[in-house]
Amino acid sequence: MGTALVTGASAGLGLEFAWQLATARHDVVLVARDEERLTRLKGQLEAAAGVHAEVLPADLTDRADVERVAQRLRSDERPVGLLVNNAGLGLNQRFVGGDVDAEDRALELMVRTVMVLSHAAADAMVRRGRGAILNVGSVAALIASGTYSAHKAWVRTFTEGLAVELKGTGVTATVVAPGYTHTEFHARGRIDTTHYPTAAWLDAEDVVAAALADVRRGVVLSTPSLRYKAVSALLRVAPRPAVRAFGSYRRALLDAGIEAERDRDAARD
Ligand code: NAP
């Protein structure tokens, strides 16, 4: 696979992707906003794994920054063999009455940027006759839970379509659908997880190892863990009202968190 470019490499799953790829002797291009964290990671990866790490700071909701990353993916002098479209976030708000600018940024980051970077990478990889694109989706794609579900459903359908188009080119496309995973995702989104069942949680290390193994095998839909494979299989055949009921359950968990947050804010004032 050669050099891997990972978006959202400063934390959570992206950080884990960077470590596992570097340990497997891939040079890495690290993309995220937090340059300080990326520079520290570069030093750690180079010292521990003996690979070359490149820091490419970018705000992937900014179209000019996205274009700079796309240009890096198009480079034939320094070819990228694996693109991991991983950067993402959770919005702790209801759509109705929520901040639409925040919705717009989330859409840019998790849909438009994935499309633009996949386009740049696929063009260059097909020209070279090899490469892989890994898009990070979510089990949430299978339920009806706000715009996040919609974004991740887009990522899933898009990646499957891309895989069809890439057949026979030597380039593969994979979408990984993690369930709840211990990362910074929920804390950053100020999403209270105290009501989430303990059995629902996965570790980033296992999610990333499963996703990379599936990329190496050319698997299109990757769902790490038996638990989430079973849940996903059920959701795929469940009647739509049941799927929406699952969405209501997730909505209720999010609402409980928003309430708790509001109570804590009120107690602080
Ligand atoms: P995380 O720990 O919060 O990390 C998110 C990463 O995305 C950070 O490196 C962050 O870096 C980067 N990022 C956020 N906004 C960005 C922006 N505007 N421009 C560039 N980079 C940006 O979250 P995570 O759980 O690892 O999430 C990774 C992916 O997994 C996301 O696509 C998420 O939707 C998906 N996922 C997560 C879970 C879960 O339960 N954790 C479950 C299913 C799917 P900077 O702040 O430095 O920019």
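The legends below describe close-up views of a predicted model. Residues are numbered from 1 along each chain as its sequence is written, and side-chain values use heavy atoms, with hydrogens and water left out. In this predicted model, local features need pLDDT of at least 70 and side-chain atom pairs count only at pLDDT 80 or more, while totals for chains, interfaces and linings use all residues.

**View 1. The shell around the ligand.** The ligand has 31 residues around it, of which Ser-10, Arg-33, Tyr-148, Thr-183 and Arg-188 come nearest; a residue is near a molecule or strand if one of its heavy atoms lies within 4 Å of it. By class, the shell holds 13 nonpolar, twelve polar and six charged residues. Here Ala, Val, Leu, Ile, Met, Phe, Trp, Tyr, Cys and Pro count as nonpolar, Asp, Glu, Lys and Arg as charged, and the others, Gly among them, as polar.

**View 2. Polar atoms at the ligand oxygens.** A polar side-chain atom of Arg-33 is 2.7 Å from an oxygen atom of the ligand. Backbone N or O atoms also lie at ligand oxygen atoms: one of Thr-181 at 2.8 Å, and one of Glu-184 at 3.0 Å. The ligand taken alone exposes 880 Å², and the protein buries 97% of that; accessible areas come from the Shrake-Rupley method with a 1.4 Å probe, and for residues only the protein chains shown count as cover. Elements giving two or more residues to the shell are α1 (12-23), α5 (146-166) and α6 (185-188), and α6 gives the most, with three residues. Helices (H or I, at least four residues) and strands (E, at least two) are DSSP runs, numbered from the N terminus.

**View 3. Tyr-148 in helix α5.** Tyr-148 has its place in helix α5. Why does Tyr-148 count as buried? Its relative accessible area is 16%, and buried means under 20%, exposed over 50%, and partly exposed in between (1.4 Å probe, protein chains only). Neighbours within four places in sequence aside, Tyr-148 is in contact with Leu-89, Met-110, Ser-138, Ala-140, Phe-185 and Arg-250; contact means heavy atoms within 4.5 Å. The C-alpha atoms of Tyr-148 and Leu-21 are separated by 27 Å, with the two residues 127 apart along the chain.

**View 4. Arg-251 in helix α9.** Arg-251 is placed in helix α9 (residues 240-268). Arg-251 is buried because its relative accessible area is 19%. Apart from neighbours within four places in sequence, Arg-251 is in contact with Gln-93, Arg-94 and Ile-258.

**View 5. The nonpolar cores.** A nonpolar core is a set of buried Ala, Val, Leu, Ile, Met, Phe, Trp, Tyr and Cys residues joined through side-chain atoms within 4.5 Å. The largest core has 43 residues, of which Phe-17, Leu-21, Leu-30, Leu-82, Val-84 and Leu-134 touch the most other members. Helix α7 (residues 204-217) gives the most to this core, with six residues. Not counting residues up to four places away in sequence, Leu-82 touches residues including Met-1, Leu-5, Met-125, Ile-133, Leu-212 and Val-215. A second, separate core of 30 residues includes Val-29, Ala-58, Ala-70 and Val-116.

**View 6. Positive phi in two loops.** Most residues other than glycine have a negative phi. Arg-190, not a glycine, has a positive phi near 50 degrees and sits in the loop between α6 and β8 (202-203). Arg-190 is partly exposed, at 46% relative accessible area. Ser-225 has a positive phi of about 85 degrees and lies in the loop between β9 (221-222) and α8 (226-237). With 21% relative accessibility, Ser-225 also counts as partly exposed.

Note on methods:
Polar contact = N/O pair within 3.5 Å; in protein donor to acceptor, adjacent residues only side chain to side chain.
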